[in-house]
Amino acid sequence: MTSARKPRHGISMRIVGRVALLLVCLYAGIAATYSVRFLNGIARDAQTAREEQIPLILSQNRNALKVERAASLIRSVYLAHDRKIERQIQLQLQTLCQSFTLDENQTLIDGARDIAASVKLIVSTREAARRLRDPDGTEVTAEKGEQIKAADAASADAYQHAIRTADRLSETLATDALVLADNMASTIGSAAREVKLGWTLILTLPVLFFMMTLWVVSRHVVAPIGAAVARLESISGGHPEGEGPRTPIFHELATITGAVEAYGALSSDLTRTNALLKILSDRDGLTGLANRRSLQGLLDSTFQAAKSGGPEIGVMMIDLDHFKAINDTYGHHAGDACLVSVATALQRFEESDGVHIGRYGGEEFVALVSGCDERSLGDIAERICRDIMRLEVHSEDGRRISLTASIGVSRMANRSLDGVNQLVSEADTALYQAKRNGRNRVVFAESAVTVDMPKRNRQA
């Protein structure tokens, strides 16, 4: 009985074993087929991203920095008012614009040519205006005066056109880079989701005989895919920094992990680049203070907050005295050094008194103060004047440059104003009153109160 059962039991087990082995082999073959197809597709997508999309995004970033540099040169040539400097900047800009022809972006090439033509027009109109002015200092005729005004207007129009073209190119490059990065992220995310779904279906089958294979798959396939997906989700959530997943032992998964890490590094670079571009667009290139555009936004938002019940605000218009004479006497490099030193002194008031300060244009600065009464405003303005008087700025030949400033102050003072520009205008009017009163002093707009500074170190 026993000897008769053993063969039947053994055969039955062999049949079951063979069937199980056949099912396992079939399962393994199907799983391998789908896995290879998934991984090969991911490898191709990763290779495409590395060889095509990533270089394109890096090229867009380089071109964006070039356009920002071109915009800076446009502003420099427009503000130069010096024949030699204008020519030097024009040559630099022409060289920079010529470099765009190496790209196959016709919009970028056309924009660069348009900028170069506008700058050429600025320089030529400036030169025409110089020739119209009488070098002997005699009075310019009315006809020549009109021609000079026309030339200056043409120069201003060319400058505005060049700046608009540069802004348009910057927006185009930023949009193109964003589209490329989004396409690459979508491709990698789609591949990761496909792999995750495929392996989820495969691993749900209850194959007890295949426990070791499941362990291998779980450790060396599922875990790396999950880590790659988590990394993609972290990057998509705005956290590109962080420790990357362990390198898988399979070549295809290692390619995915490498592509994800490359995407994370690229996303981090894009984040830093965008932050840098934002800083550059919000800060004055010479002094590092807020530029006029960002300062105007702060003025508007603070004014609206004050109208809605927030702390009242005061505006100071700060202007360096006799700055043109400093440029004429010591040179523009010394003038720039004076502006940088004054900006450094003003930044200390941002840190100690919570004053928001920006460069309004030329040698003019604007200070925005919240929650201060007239006496506190006057105290801050007087300290600003004193700190500027104490500055130690020297020319290239070692001569000390004496600096003073005139300040016009305006306050809301519970008034119903149309906008913050009214406060700025009042401060500007008070500033000119300070100039007429002898400079190096503080004048309040609403009360016409003048605060004289000590005569020590005061310029004439």
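In which sense do strand β6 (residues 405-411) and β7 pair, and over how many bridges? The two strands pair in the parallel sense over three bridges, where pairing requires that DSSP finds at least two bridges between two strands.

The views show a predicted model, in which local features need pLDDT of at least 70 and side-chain atom pairs count only at pLDDT 80 or more, while totals for chains, interfaces and linings use all residues. Residues are numbered from 1 along each chain as its sequence is written, and side-chain values use heavy atoms, with hydrogens and water left out.

**View 1. Strands β6 and β7 and the helix between them.**
I407 stands opposite V442 in β7. From β6 the chain passes through helix α11 (residues 420-436) to β7, and this β-α-β crossover is left-handed; a crossover is called right-handed if, with the strands pointing away from the viewer, the path from the first strand over the helix to the second runs clockwise. Helices (H or I, at least four residues) and strands (E, at least two) are DSSP runs, numbered from the N terminus.

**View 2. Strand β7 and residue Q433.**
R441 and V443 point one way from strand β7 (residues 441-444), whereas V442 and F444 point the other way, and all are buried. Buried means under 20% relative accessible area, exposed over 50%, and partly exposed in between, using a 1.4 Å probe and protein chains only. Q433 lies in helix α11 and is partly exposed, with a relative accessible area of 30%. Although Q433 and V443 are 10 residues apart along the chain, their C-alpha atoms are separated by 7.0 Å.

Eight of the eight residues of strand β1 (residues 313-320) are buried, so the strand is largely enclosed by the rest of the structure. I313, V315, M317 and D319 lie on one side, and G314, M316, I318 and L320 on the other. In a regular strand the side chains alternate between the two faces of the sheet. β1 pairs with strand β3 (residues 364-370) in the antiparallel sense over seven bridges, and M317 stands opposite V366 in β3. Seven bridges also join β1 to β6, these strands running antiparallel, and D319 stands opposite S406 in β6.

**View 3. Helices α2 and α3.**
The axes of helix α2 (residues 83-99) and helix α3 (residues 106-132) come within 9 Å and cross at roughly 170°, where axes are lines fitted to C-alpha atoms, for helices over the stretch in contact, and angles run from 0 to 180 degrees between N-to-C directions. The contact (heavy atoms within 4.5 Å) involves residues including R83 and L93 of α2 and A112 and V119 of α3.
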